[in-house]
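Dear colleague,

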Amino acid sequence: MVRKPVQIGALNFPRKKDANDFFREMLYRYDLGDKVSKDDAVLAQLLSKHPEATEKIGAGIESFSVRAADYGTRCFWVNRVDGSFEKFSFKACF
């Protein structure tokens, strides 16, 4: 199987699985409802790689949070500068 390297901002992952593990660990580091720390600002670069990035970003990024999603799962949410918000799957970004 061919390894597919993934680059998100300054982060380089040798395999897609490594990127998946990194962002999954980040997601579960937060409790539901928590605002994501500015230390994890790489989420903006991650979101820019989403196939629907323009729609997800909308009016602009104010911050990120971790909230419940469909079927009791959790995911990252982008909190926009206009007060609206949208969930996104980190897996769709690579």
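This is a predicted model, in which local features need pLDDT of at least 70 and side-chain atom pairs count only at pLDDT 80 or more, while totals for chains, interfaces and linings use all residues. Residues are numbered from 1 along each chain as its sequence is written, and side-chain values use heavy atoms, with hydrogens and water left out.

Leaving aside residues up to four places away in sequence, Phe-23 touches Ile-8, Phe-13, Val-42, Leu-43, Leu-46, Phe-76, Phe-90 and Phe-94 (contact means heavy atoms within 4.5 Å). Phe-23 is also among the residues with the most contacts inside the largest nonpolar core, which has 21 residues; such a core is a set of buried Ala, Val, Leu, Ile, Met, Phe, Trp, Tyr and Cys residues joined through side-chain atoms within 4.5 Å, where buried means under 20% relative accessible area with a 1.4 Å probe, protein chains only. At least two residues of this core come from each of strand E1 (6-8), helix H1 (16-29), helix H2 (42-47), strand E3 (61-68) and E4 (helices, H or I, of at least four residues and strands, E, of at least two are DSSP runs, numbered from the N terminus).

Strand E4 (residues 74-80) runs antiparallel to strand E5 (residues 85-88), and four bridges join them (strands pair if DSSP finds at least two bridges between them). Within this pairing, Trp-77 has Lys-87 in E5 as its bridge partner, and the hairpin of E4 and E5 has four residues between the strands, with Gly-83 in the turn at a positive phi of about 95 degrees.

Best regards

Methods:
Buried < 20%, exposed > 50% of the residue type's maximum accessible area, 1.4 Å probe, protein only.
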